[in-house]
Amino acid sequence: MKKIIILILCIFQASPILAQKAYEIKGRFTSVKEATITLAYKDQQGVEDSVHTTDGSFSFSGTVSRPVKGMLMVKTLQPGAYPGFSLEYVELYVEPGKTSVNGPAPATATINGGEAQADFNLLNQQLKPAKVKMDQLLAKYNKATAERDSLALHAIMDQATVINNERSKLEEDFISAHPASYVSWDLLKQHSTIIDPVTFEPLFSKMAKQFRESEEGREMAEQLALSRKTAVGQQAMDFEQMDVNGKKVTLSSLKGRYVLLDFWASWCGPCRAENPNVLKAYNKFKDKHLEILAVSLDQNKANWLSAIEKDAMPWIHVSDLKGWKNEVAAQYGIRSIPQNLLIGPDGRIIAKNLRGSALEKKLSEILE
């Protein structure tokens, strides 16, 4: 009997973490007539709910265990167009209580809800200048792409890097100022795909205890610990993997040269877009003790080899063809690509994630 009582107490002590609370989301998009409006979010499992509207009005209700980020999507039929419909969306927080969404369309809607939505509104307001800059840059990018203007595209990518850095700094400032916010926690999870321990660790340490001690928090702490091993100044971890001909290659065999350890995949669009920059840097510095060791997160060997040939990449390529379970990627804590590390002749990491002109600039500093 005593054991049963203890078990019941344990269940009730744990239950607040999983307790479900009711939410209600109501609103109207005044410029929308007949359409399908869908609410999608992930709490303990994925949830998707849709309603058909003839005047843009909608209502959703359900339960969530905590505030979770979701999307309201409006699908409107467009006869004669491809793919036959238009799709607009707006992000919001699904949280206990009532939330109102009103405006002409998703992009211009005013959303009022609970504490998490208020934080999200504040964040979006702070990020708006950077978003405007990026939208303007995207228009230039589309124009340069249509005109196949490679010089303009390179300049645009450099500008995009600057804007993304501005946005990241704004997000980091928000996290630091709101350590108990679910919005901050979601932002930190986004930042954890590529961890710089110098900037990430102070933010993680500031987060509320409920976040740090959650399952996600413990996983994040493990990733942080791994990132310290691959920080600038650390000795790069040796590894062995097969090249395109089935021959074993080790990182240590390249000691004495500058090595760009590049993580990529044939299916990764941003990786393929970055390859011309890497090729340009390689051709410029290959005779100055630079080698590139590319680790592919591919699973299909034919696709891997085809991409190497198509992108004209004459350096060393290795893979175990295990996709995201690539053993070298796991060893180095790689959770998103493209990523790279520049390793010195002594085997120490001297720079990370050099993209666009930044790679050539860094190599010029140390090799010219």
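**Helix packing and local backbone features of the predicted chain**

The exposed residues A302, E309 and K310 are carried by the face of α9 that is turned away from its buried side; exposed denotes over 50% relative accessible area, buried under 20%, and partly exposed the range in between, computed with a 1.4 Å probe on protein chains only. The structure is a predicted model, in which local features need pLDDT of at least 70 and side-chain atom pairs count only at pLDDT 80 or more, while totals for chains, interfaces and linings use all residues. Residues are numbered from 1 along each chain as its sequence is written, and side-chain values use heavy atoms, with hydrogens and water left out.

On its buried side, helix α9 (residues 301-310) has W304, A307 and I308. Viewed down the axis of α9, these buried residues fall within an arc of 100 degrees, so they line one face of the helix; the arc is that of the directions from the helix axis to the C-beta atoms. The cover over the buried residues of α9 includes β9 (240-242), β11 (258-264), α8 (269-285), β12 (290-296) and β13. Contact here means heavy atoms within 4.5 Å. Helices (H or I, at least four residues) and strands (E, at least two) are DSSP runs, numbered from the N terminus.

Both ends of α9 show local features. At its start, a side-chain oxygen of N300 comes to within 3.0 Å of the backbone nitrogen of A302. Just after α9, A312 adopts a positive phi of about 50 degrees, a positive value in a residue other than glycine. A312 belongs to the loop between α9 and β13 and, at 42% relative accessibility, counts as partly exposed.

Strand β13 (residues 316-318) contains I316. With a relative accessibility of 22%, I316 counts as partly exposed. Leaving aside residues up to four places away in sequence, I316 touches V249, L254, E291, I292, L293 and A294. The C-alpha atoms of I316 and H178 are separated by 45 Å, and these residues are 138 residues apart along the chain.

Two further backbone features were found in loops. In the loop between β13 and α10, L321 has a phi near 55 degrees, a positive value in a residue other than glycine. L321 counts as partly exposed, at 27% relative accessibility. The peptide bond from I337 to P338 is cis, with omega near 5 degrees; P338 is placed in the loop between α10 (327-331) and β14 (339-343).

Another helix pairing involves helix α4 (residues 182-191) and helix α7 (residues 215-229), which pack at an angle of about 35 degrees with their axes 11 Å apart. Axes are lines fitted to C-alpha atoms, for helices over the stretch in contact, and angles run from 0 to 180 degrees between N-to-C directions. The crossing of α4 past α7 is left-handed, a term used if the near helix is turned anticlockwise from the far one by less than a right angle, with right-handed used if clockwise. From α4 the contact involves W185, L188 and K189, and from α7 it involves E216, G217 and M220. By class, the residues of this contact comprise 3 nonpolar, 1 polar and 2 charged. In this division, Ala, Val, Leu, Ile, Met, Phe, Trp, Tyr, Cys and Pro count as nonpolar, Asp, Glu, Lys and Arg as charged, and the others, Gly among them, as polar.

Helix α5 (residues 197-206) has P197, F200, L203 and F204 as its buried residues. These residues cover an arc of only 145 degrees around the axis, which puts them on the same side of α5. They pack against α3 (150-177), α4, α6 (209-212) and α7.

In helix α11 (residues 357-367), E360 counts as buried at 19% relative accessibility. Not counting residues up to four places away in sequence, E360 touches K280, K284 and F285. The side chains of E360 and K284 are joined by a polar contact of 3.0 Å, that is, a pair of N or O atoms within 3.5 Å; within protein, one must be able to donate a hydrogen and the other to accept it, and residues adjacent in sequence count only if both atoms are side-chain atoms.

Over the whole protein chain there are 11 helices and 15 strands. Of its 368 residues, 40% are buried. The C-alpha atoms fill a box of roughly 70 × 65 × 40 Å, taken along the principal axes. Among contacts between residues at least 6 apart in sequence, 62% join residues at least 24 apart.
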